[in-house]
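Visitor: Could you walk me through this structure, one question at a time?

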Amino acid sequence: MLKIKSIITNIIILGFIFTIQTKIYSQTIDEKIADIISQMTLEEKVKQLHQQGSFNTEDNTRLNIPGFIMSDGPHGVRNGLATSFPVGSGLAATWDPDLIRRVGEAMGQEFRGKGIHQALGPCLDLTLDPRNGRSPESTSEDPYLNAKINTALVQGIQSTPALATVKHFYTEYRQNGRTTNNYTLSQRNLLEQHGLQFREAIQIGGVFSVMSSYNSINGKSAAKNSTLLTTDLRTKWGFPFYVVSDWASVYNNCDSAVTAGCDIEMGSGLYQDQNNGLVNLVNSGKLPVSVIDQAVARVLRTKFLSGMMNYYPQGDPSDINSPAHQALSLEAGKKGIVLLKNQDNILPLDKNSINKIAVIGPNAAVMQTDGAGSSWVDPFYKVSPKEGIEKYVGIDKVLYAKGCDITGSGYASDVSNAINYASQADVVIYFGGLDATQEGEGFDRANNSIQLPGKQNDLINLLSSANKNLIVVLISGGICTATPFLNNVKGLLYGFYPGQEGGNAIAQILFGDYNPSGKLPQTMAMSDSQLPDRSQNNLDNNLGGGYRWFDSKKQTPQFAFGYGLSYTTFAYSNFQMSHSKWAFWDDQIWVSVDVTNAGSRAGEEIVQMYVSESVSFVTKNVKDLKGFQKIYLEPGETKTVTFNITPNELYYFRPQTNSYEIDPGPYTFRVGGSSDNLPLGGTLDIRPRPPKPDLQIANIYSVPRYPQEGDHVIFLATVLNRGTGPSPNSTFHEVGFKIDGADVSRSVAYTDSIAKGGMALLCANVNGSSDSNLNYWVAGKPGTYTLQAAVDDKSAISETNESNNSKTVTLKVFPKQAENLALKKTVTVSSVESQSYIGDYAVDGNYGTRWSSKFTDPQTITVDLGSVQQFNQIRITWE
């Protein structure tokens with residue numbers, strides 16, 4: 001009798017040992033997903049759609065489908081101890097997407113180091129009012145800055161095997177009444193002002209998950225709102241992955257939530273309810289099973305493309321709070337601190353000339369790292385401002401007193417010491433602001449004001465009477481005003497909860513080891529009276545808040561959006577435009593400016609570009625941020641900064657045509673260092689001509705995401721249309737995939753139109769180099785390969801720009817390796833002839849016979865493990 005003996009160290013990964021039927025591997029992803037769904041019972045489908053335990057969804061061991069393991073984490077892992085990076089507003093204050101991408105990567109590594117698949121963050125809420133309790137984890141009042149920072153954070157997280165989740169779709173304007181608030185927003189405002197940051201994170205960032213919000217929009221709960229979750233998110237923007245509810249935000253009628261597009265429900269238990277859950281709704285005929293299948297398909301698509309369904313690299317626990325991440329937290333912390341006032345150049349301080357320094361205030365001896373709520377991270381350590389200063393000048397030179405608490409009607413018991421120390425010191429530094437008792441998830445600013453709470457303003461003014469060399473450092477998430485004391489202090493720094501290394505970061509700036517480069521992500525108002533009425537739920541009326549509100553009301557804030565000083569000065573000159581008077585809206589339009597470091601210190605400047613349209617057929621803001629770059633300049637050095645203006649920068653949403661449009665007419669482009677200091681600019685008349693699409697590759701995916709040698713790899717890509725018109729119907733939007741320059745597969749299936757501002761996910765369905773119907777590449781030897789995707793590379797579609805149709809990334813192939821097979825219980829094999837076989841499993845290398853059978857055709861062998869929960873090897877012996 002013919003005897004063939006094989007040892008399979010990974011039943012899924014090493015299945016290539018046997019002859020595999022072509023059909024199994026020539027499927028598209030949607031066909032693979034449909035096959036899996038066809039094998040699932042209704043109960044198994046529903047288990048894919050709800051939370052099981054704490055932030056997890058259930059594994060399906062029968063079909064080898066892992067569940068999600070999730071954790072909160074907009075600025076670090078909320079699961080045991082982890083690195084606490086600056087909060088969202090602190091990251092935004094850096095205006096540095098490259099840095100934020102690295103922060104995201106470090107966060108992803110720590111999530112995976114803890115065995116967690118998915119980060120429930122970042123938070124993309126607009127800071128429409130700084131008194132909103134979730135302002136710390138939110139990013140900015142401006143959708144463009146918000147988009148760039150959070151897209152970079154998503155890209156960083158998902159450069160690791162971790163998944164990101166953008167939230168809250170849509171806005172949490174207030175925490176008070178957050179589960180019952182009903183905000184009214186026009187469709188234009190939804191898609192244009194409030195939607196930009198989500199659209200960019202979805203289309204450019206490729207985020208794998210979107211979380212709905214608690215509140216209602218236009219009378220419908222956001223978790224049950226088909227306009228948000230289907231019309232906008234999926235139909236207009238092309239989001240292909242899954243939506244998860246905020247905790248317990250699906251309050252009742254779970255059929256309306258899943259029908260609207262909320263795929264996974266967490267916290268409420270309604271989807272799996274024994275009496276009124278999804279299973280009974282389907283069985284009673286009240287809910288079509290096709291709705292369930294659609295939700296499950298989106299969940300499975302996410303698991304396939306994120307890598308969870310195949311070999312999935314384990315995280316490294318040593319990444320958690322590693323020295324590299326500590327250094328990165330310090331870098332992000334100091335780059336997000338904003339210098340707002342520096343009278344008489346009191347800063348930087350000379351540590352060698354200081355005899356005594358008074359360190360006063362409620363935030364001096366403790367490093368505040370966040371407001372209250374689900375974004376909180378427990379760090380291994382925190383460096384207080386007092387500790388950071390003591391490292392520079394020594395403990396003996398530091399005179400410390402608290403002086404007052406964050407809040408309360410009286411001073412602290414040591415207030416007399418505080419005043420006495422101030423009178424003795426060469427310089428006084430007051431550390432105040434807010435803490436987790438004053439702002440956070442579930443409640444708004446405790447004193448309902450942007451004024452510092454308690455006795456802080458009074459104490460600052462008392463300290464000023466004792467010593468004119470007074471510097472104030474404020475630490476919070478939502479900004480506080482400095483109006484009550486600003487004229488009485490020489491220096492003012494603002495830190496937006498700068499992370500666990502905040503004390504060191506602040507000290508480096510105070511003593512000049514780092515030249516401050518942060519800029520305000522939120523406008524600092526002079527008083528509450530300058531802000532919109534917070535009791536109003538019509539968000540169209542507040543014009544997006546922040547500088548757009550101030551512009552519309554012709555009000556002058558205390559400090560403008562984008563403002564921040566440096567220890568050097570920057571000069572702007574030589575403004576140029578690609579066209580002198582007019583251009584077509586699909587031309588290559590750019591503006592440029594020369595920026596010179598006119599001071600004696602090296603430093604970084606954030607060059608900002610704002611766009612205005614003085615004559616318009618539609619209502620526009622006075623100006624909108626549409627470009628920024630952070631540049632480093634040595635003393636005397638000049639760099640040219642160029643901003644490209646594409647249709648995407650000029651889109652507005654027109655309800656009459658139900659599409660993104662470009663308003664023809666004169667546009668003014670202004671460039672400078674803050675929203676209120678734009679010294680250079682020019683006007684360009686942008687004229688229409690027949691609209692055309694502009695197709696671009698946004699993201700490239702492989703399945704498996706982490707291929708091993710010999711794997712059959714399918715490629716997919718998301719295709720954007722960033723042009724002036726929709727792409728044509730009934731025309732192949734062909735995408736070709738190349739490995740190291742050689743054609744490997746193509747997608748020749750999609751013929752629908754992609755709308756302006758829209759996106760579609762395309763999967764390879766044919767071989768790229770022959771007439772074969774195979775659609776995969778056989779992964780080569782372990783190493784790094786160049787993977788390129790190009791859309792419309794045969795120029796079948798006329799576009800505004802034919803030069804931006806391809807994207808190149810690297811693809812790593814891993815060596816074959818054993819894997820934890822706790823969920824891998826099936827394998828498809830085929831035989832040379834009829835055989836019987838004996839299979840056994842191993843735990844830590846010790847085999848024990850468990851099953852035997854015969855097969856005559858290719859079939860699926862189901863491993864029956866009985867009570868065995870985990871194994872790491874399977875051996876099949878053919879007799």
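The questions below cover cysteines, a sheet, aromatic rings and charges over rings.

Guide: Welcome! This is a predicted model, in which local features need pLDDT of at least 70, side-chain atom pairs count only at pLDDT 80 or more, and totals for chains, interfaces and linings use all residues. Residues are numbered from 1 along each chain as its sequence is written, and side-chain values use heavy atoms, with hydrogens and water left out.

Visitor: How many disulfides are there?

Guide: A disulfide is a covalent bond between the sulfur atoms of two cysteines. Here it is taken as a pair of cysteine sulfur atoms within 2.5 Å. By that rule, the number of disulfides is 0.

Visitor: Is cysteine 763 buried or exposed?

Guide: Buried means under 20% relative accessible area, exposed over 50%, and partly exposed in between (1.4 Å probe, protein chains only). Cysteine 763 has 16% relative accessibility, so this residue counts as buried.

Visitor: Which residue stands opposite valine 735?

Guide: Strand 28 (residues 735-739) pairs with strand 29 (residues 742-747) in the antiparallel sense over 5 bridges. In strand 29, the residue opposite valine 735 is serine 747.

Visitor: What kind of pair do phenylalanine 169 and tryptophan 237 form?

Guide: Rings of Phe, Tyr and Trp (its six-membered ring) pair if their centres lie within 6.5 Å; planes under 30 degrees apart count as stacked, over 60 as edge-to-face and the rest as tilted. The count comes to 27 aromatic pairs. For phenylalanine 169 and tryptophan 237, the centres are 6.0 Å apart and the planes at 70°, so the pair is edge-to-face.

Visitor: How many residues apart are they in the chain?

Guide: Phenylalanine 169 is in strand 4 (residues 165-169). Tryptophan 237 is in the loop between helix 9 (226-236) and strand 9 (242-244), and the separation is 68 residues.

Visitor: Which residue lies over the face of tyrosine 660?

Guide: A charge sits over a ring if NZ of Lys or CZ of Arg is within 6 Å of the ring centre and within 35 degrees of the ring normal. At 4.9 Å from the ring centre of tyrosine 660, the residue is arginine 199.

Key: Two strands pair if DSSP finds at least two bridges between them. Helices (H or I, at least four residues) and strands (E, at least two) are DSSP runs, numbered from the N terminus.
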